[in-house]
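Subject: Handing over the structure

Hi,

Here is the structure I promised to pass on. Have a look through it first, and then read my notes below.

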Amino acid sequence: MMTETGGTMNCKLKGGSGEKGCSQTMPDTWVSHSKKILGYVAPQTEINDLYVSTLIIKSYLDKGYSEKDIFLTWNQGNKGHCVKGINKHGVAYNSCEYLNKALAYLQ
């Protein structure tokens with residue numbers, strides 16, 4: 001959550017591509033994650049966001065994902081190689097930069 005909110009833990013932030021909440025989840029991703037964890041689409045309140053995000057991350061750990069895999073999956077939707085560019089909303093992204101910031105928060 002520290003990486004998603006730029007270190008502020010301000011769960012009211014909204015991203016330039018439509019992401020929101022503590023975990024800065026895209027709307028379609030929230031629907032998917034909420035259904036997977038809760039069985040229905042819950043409102044993305046701070047408590048729901050933290051609960052669902054925690055259990056999604058736990059599912060990655062249960063699959064044997066490394067920290068790097070988890071951060072890349074969270075940021076770009078899949079583990080593997082970093083990607084960078086400009087998305088359809090005109091927002092620049094760089095998953096290697098995100099990964100390095102996220103790993104630094106663990107130290």
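Predicted model: local features only at pLDDT ≥ 70, side-chain atom pairs only at ≥ 80, totals over all residues.

Residues are numbered from 1 along each chain as its sequence is written, and side-chain values use heavy atoms, with hydrogens and water left out.

Back to glutamine 24. Its phi is positive, about 50°, although the residue is not a glycine. Glutamine 24 is also buried, with a relative accessible area of 16% (buried is under 20%, exposed is over 50%, partly exposed is in between, using a 1.4 Å probe and protein chains only). Leucine 13 lies in that segment before helix 1 as well, but is partly exposed at 32% relative accessibility.

Next, the core. The largest nonpolar core has 12 residues, among them Trp30, Val52, Phe71, Trp74 and Leu99. Such a core is a set of buried Ala, Val, Leu, Ile, Met, Phe, Trp, Tyr and Cys residues joined through side-chain atoms within 4.5 Å. Helix 2 (46–62), helix 3 (67–76) and helix 4 (95–106) each bring in at least two of its residues, and helix 3 gives the most, with four. In soluble globular proteins, nonpolar side chains tend to be buried together.

Seven of its 10 residues are buried, so helix 3 is largely enclosed by the rest of the structure. The buried ones include Asp69, Thr73 and Gln76. They pack against helix 1 (27–38), helix 2 and helix 4. Setting aside neighbours within four places in sequence, phenylalanine 71 is in contact (heavy atoms within 4.5 Å) with Tyr98, Leu99, Ala102, Leu103 and Leu106.

Glutamine 44 is buried, at 18% relative accessible area. Its side chain reaches the backbone oxygen of lysine 20 at 3.0 Å. Not counting residues up to four places away in sequence, glutamine 44 touches Lys20, Gly21, Ser23, Thr25, Trp30 and Asp49.

Finally, the largest pocket holds about 950 Å³ of space. Of its 27 lining residues, Glu19, Gln24, Trp74, Asn75 and Gln76 are the closest to the centre. Helix 1, helix 3, strand 2 (92–94) and helix 4 each give two or more residues to the lining, which divides into eight nonpolar, 15 polar and four charged residues.

On the terms: a pocket is found on a 1 Å grid over the protein atoms alone, as an open set of points where a 1.4 Å probe fits, with protein on both sides within 12 Å along at least five of seven lines, and lining residues have an atom within 4 Å of a point. The volume is the space filled by probe spheres set on the points. Ala, Val, Leu, Ile, Met, Phe, Trp, Tyr, Cys and Pro count as nonpolar, Asp, Glu, Lys and Arg as charged, and the others, Gly among them, as polar.

Over to you!

Methods:
Polar contact = N/O pair within 3.5 Å; in protein donor to acceptor, adjacent residues only side chain to side chain.
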